[in-house]
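The sequence and structure are shown first.

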Amino acid sequence: MLLLSVVISFALLAVLGIVQWRELQEQARLSAERAAVVAREHADKVFELDASLNARIEELLGVMDDAQIRADEKSIHAKLQRMISGLPQIIAVAVIGQKGDLLAHSRDYPAPAVSIADRNDFIAIRQGGGESISSVMVGRQVTQALFNDSVARRSESGEFLGMILVSLDPDYFLSFYKEMLPGLMHQSLSLVRKDGYILVRYPKLINAVPKVPPGAPFMRGISQNPLFGTVSGSSPLDGDNKIISYRRVTNHDVYVVSARSLSEVWRSWFQYMSLAAALLLVPSALLWAIIIFAIRRVRDQKIAWQRWQQEVALRHKIESDLRESQKFDALGKLLGRVAHDFNNCLMVIATGMQIIRLKRVPAIEKQIDAIERSIKSGEQLTRQLLGVSRRQPLKPEVFALQTKISEWQLLLFNTVGAHRCSIEVAPDTWPVCVDAVEMQLALINILVNARDASNADGRIALHIENVRRPGDARMQEHFVCISIADQGTGMSEETRTQAFDPLFTTKEAGKGTGLGLSQVRNFARTAGGHVLIESTLGSGTRVSIYLPPAEGVPLNHADAPAAPQIRPLDILLVEDNLDVAEGIVALLESVGHSITHLSNALDAEEFLAHQRVDAVISDIHMPGGITGIALAKKLHINFPALPVILISGYAEDLQAAVNAGFSVISKPFTLESINLQLAAQVK
């Protein structure tokens with residue numbers, strides 16, 4: 001019953017709306033056509049009177065030449081005055097000579113020395129036109145707006161003798177149109193030449209348009225039916241949709257045009273339909289309300305039962321999600337701990353293998369290589385475990401961008417289209433020390449944003465060079481600048497200031513989370529650098545990553561120089577894992593360093609209170625309540641010149657140490673890597 005009442009009500013309303021719309025359209029069309037017919041009859045009478053006046057003047061002048069007319073100018077002037085007296089639509093009558101000179105005028109005697117030889121209406125008449133309606137102008141003799149109805153004077157042999165010019169008053173037509181359309185601003189009447197030039201229009205437009213464009217509905221209509229017709233479309237004069245009816249004035253290339261606004265028709269239709277909807281739908285709505293109330297009363301208990309079931313199901317789901325969350329959190333902690341302990345095991349094996357390699361034991365090179373490959377596989381497995389537990393540590397490495405970008409080119413640019421990308425890497429670019437995977441992800445994020453902001457042919461340029469940024473003396477001045485520029489839509493200042501905010505995005509739902517540029521900023525900050533965005537709306541965007549150069553360390557490729565030679569050092573090693581400590585001690589002692597090993601931070605503080613060393617190497621995660629980071633901070637206060645290097649297999653520990661500004665090495669590490677750190681810090 002409810003569905004049937006709704007369908008019937010809206011069906012009746014739709015039928016009523018269609019019928020009313022057609023009726024209103026028909027009324028508007030008839031109104032436009034009636035107005036065009038009445039205005040055409042008025043224009044016919046005016047132009048018929050002009051034709052009669054022209055015939056009388058031609059009869060008066062006969063075949064008189066210019067000299068004869070000038071000689072009889074006074075008599076002609078008086079007769080012209082009498083002819084147009086009592087004709088309000090005519091401003092003046094003039095006789096024009098063979099060369100365009102004014103010979104006689106109904107207003108002035110003697111006629112002033114005026115020539116219209118350069119005017120289009122005179123040129124058209126002289127070249128053979130029988131009659132011409134000029135555009136609206138301010139007369140050279142009569143200083144008011146007018147348009148001329150002109151005819152040629154010719155001898156019996158067809159020789160051009162001049163023309164008779166009747167000046168018509170546009171205000172005369174405006175007054176008549178105003179009386180026809182009192183207060184109906186949604187309807188207009190116009191007098192238009194065949195070429196589209198507007199002679200008269202009521203009501204007048206604020207921004208007057210002198211001519212109807214060739215593609216307008218009126219121009220298309222007269223090209224199909226030059227006598228009369230009714231068309232519809234958008235008027236170029238005011239941009240409104242209209243019903244346009246036109247009629248050609250008898251024996252003249254002039255049209256009376258009546259236009260009725262469809263927006264007014266729509267307004268009337270909406271008013272009618274609003275009233276009809278109120279009368280029809282209000283009673284129907286009362287019926288619907290009664291039916292719905294009855295249905296709800298019947299279904300109350302069923303809905304309550306369904307809600308109770310939903311609440312029970314939701315509670316079970318929340319409890320299940322909580323258990324899953326706790327399980328995954330426990331799994332993450334377990335995997336993190338396993339990875340940490342596994343790194344310690346790898347550290348023991350790695351240090352042992354390095355010592356064996358340093359002792360150059362014969363005939364076991366293949367076995368050593370195999371074990372070192374297994375250690376590398378173990379490191380990769382550890383990174384995968386930490387990725388699952390979301391505790392992935394950074395793996396900073398030193399590499400040359402000239403080589404690395406070439407290796408990454410296929411992966412980077414296939415994402416956005418290699419044909420639209422260009423690379424320029426300065427050959428003297430300094431090496432950097434960053435996590436290669438994080439850097440690769442940062443570049444992909446920027447390239448994807450550049451692709452989405454550009455059209456299919458927009459160019460994307462990757463440029464890398466060394467830069468020096470003057471500024472605060474406390475900050476790094478030398479950087480390697482990695483910039484990616486696109487030719488896309490650009491950003492407003494408001495968007496640019498929010499671009500690095502997590503989850504802020506200008507993309508449509510499902511096409512971006514906003515985390516891309518946030519990852520880029522975090523990568524740059526972790527590496528000790530920063531990111532800048534330069535953008536102009538409509539001109540494109542440039543994203544620049546500034547990374548500090550890696551100083552005092554070799555490039556990580558085949559032709560890298562050997563590790564720097566450093567003097568034997570007195571080093572304090574703080575490590576709670578005895579097996580790891582023994583391996584590190586043996587490894588460092590193999591190259592001449594003197595190592596003191598302590599198992600916790602408290603013992604290290606007490607030892608340093610009485611002894612001096614060249615450097616401290618400390619594990620971060622240690623028992624006793626004092627971590628390696630806390631120890632490093634105390635030593636930085638008490639011994640500012642003492643180098644401290646922190647080691648760990650925990651990602652959280654490594655990240656915390658980097659954020660605190662300390663040098664870190666991820667387990668397992670090599671003798672070369674620890675020597676590089678020592679060489680960089682021990683003076």
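## Overall composition

Among contacts in the protein between residues at least 6 apart in sequence, those joining residues at least 24 apart account for 64%. The model is predicted, and it contains 17 helices and 23 strands.

Of the 683 residues in the protein, 43% are buried.

## Packing of H1 against H5

Helix H1 spans residues 2-61 and helix H5 spans residues 170-180; the two pack at an angle of about 150 degrees, with their axes 11 Å apart. Because angles over 145 degrees count as roughly antiparallel, H1 and H5 are roughly antiparallel to each other. H1 passes H5 in a right-handed crossing.

On the H1 side, the contact is made by Ala35, Val38, Ala39, His42, Val46 and Phe47, while H5 contributes Tyr172, Phe173, Phe176, Tyr177 and Met180. By residue class, the contact of H1 with H5 comprises 10 nonpolar residues, 1 polar residue and no charged residues.

## Packing of H9 against H10

The axes of helix H9 (residues 401-414) and helix H10 (residues 436-453) come within 11 Å and cross at roughly 50 degrees. H9 and H10 are therefore oblique to each other, and their crossing is right-handed.

From H9, the residues Leu401, Ile405, Trp408, Leu411, Leu412 and Phe413 meet Ala436, Met439, Gln440, Leu443, Ile444 and Leu447 of H10. The residues of this contact divide into 11 nonpolar, 1 polar and no charged.

## Packing of H14 against H15

Helix H14 (residues 601-608) and helix H15 (residues 628-638) have axes that come within 10 Å and cross at roughly 15 degrees. This angle makes H14 roughly parallel to H15. The crossing of H14 and H15 is right-handed.

Ala601, Ala604, Glu605 and Leu608 of H14 form the contact with Leu631, Lys634 and Leu635 of H15. The residues of the contact between H14 and H15 divide into 5 nonpolar, no polar and 2 charged.

Glu73 lies in helix H3, which covers residues 73-84. Its relative accessibility is 9%, so Glu73 counts as buried. Leaving aside neighbours within four places in sequence, Glu73 is in contact with Leu103, Ala104, Tyr109, Pro110 and Ala111. The C-alpha atoms of Glu73 and Val95, which are 22 residues apart along the chain, are separated by 9.9 Å.

Two of the contact partners of Glu73, Tyr109 and Pro110, are joined by a cis peptide bond with omega near -5 degrees. Pro110 belongs to the loop between strand E2 (102-105) and helix H4 (120-126).

## Further backbone features

A cis peptide bond also runs from Tyr202 to Pro203, with omega near -5 degrees. Pro203 is placed in the loop between strand E8 (198-202) and helix H6 (217-224).

Asn251 has a positive phi of about 65 degrees although it is not a glycine. This residue is found in the loop between strand E10 (241-248) and strand E11 (254-261). Is Asn251 buried or exposed? At 68% relative accessibility, Asn251 counts as exposed.

Methods. Residues are numbered from 1 along each chain as its sequence is written. This is a predicted model: local features need pLDDT of at least 70, side-chain atom pairs count only at pLDDT 80 or more; totals for chains, interfaces and linings use all residues. Side-chain values use heavy atoms; hydrogens and water are left out. Axes are lines fitted to C-alpha atoms, for helices over the stretch in contact, and angles run from 0 to 180 degrees between N-to-C directions. Helices (H or I, at least four residues) and strands (E, at least two) are DSSP runs, numbered from the N terminus. Angles under 35 degrees count as roughly parallel, over 145 as roughly antiparallel, 65 to 115 as roughly perpendicular and the rest as oblique. A crossing is left-handed if the near helix is turned anticlockwise from the far one by less than a right angle, and right-handed if clockwise. Contact means heavy atoms within 4.5 Å. Ala, Val, Leu, Ile, Met, Phe, Trp, Tyr, Cys and Pro count as nonpolar, Asp, Glu, Lys and Arg as charged, and the others, Gly among them, as polar. Buried means under 20% relative accessible area, exposed over 50%, partly exposed in between (1.4 Å probe, protein chains only).
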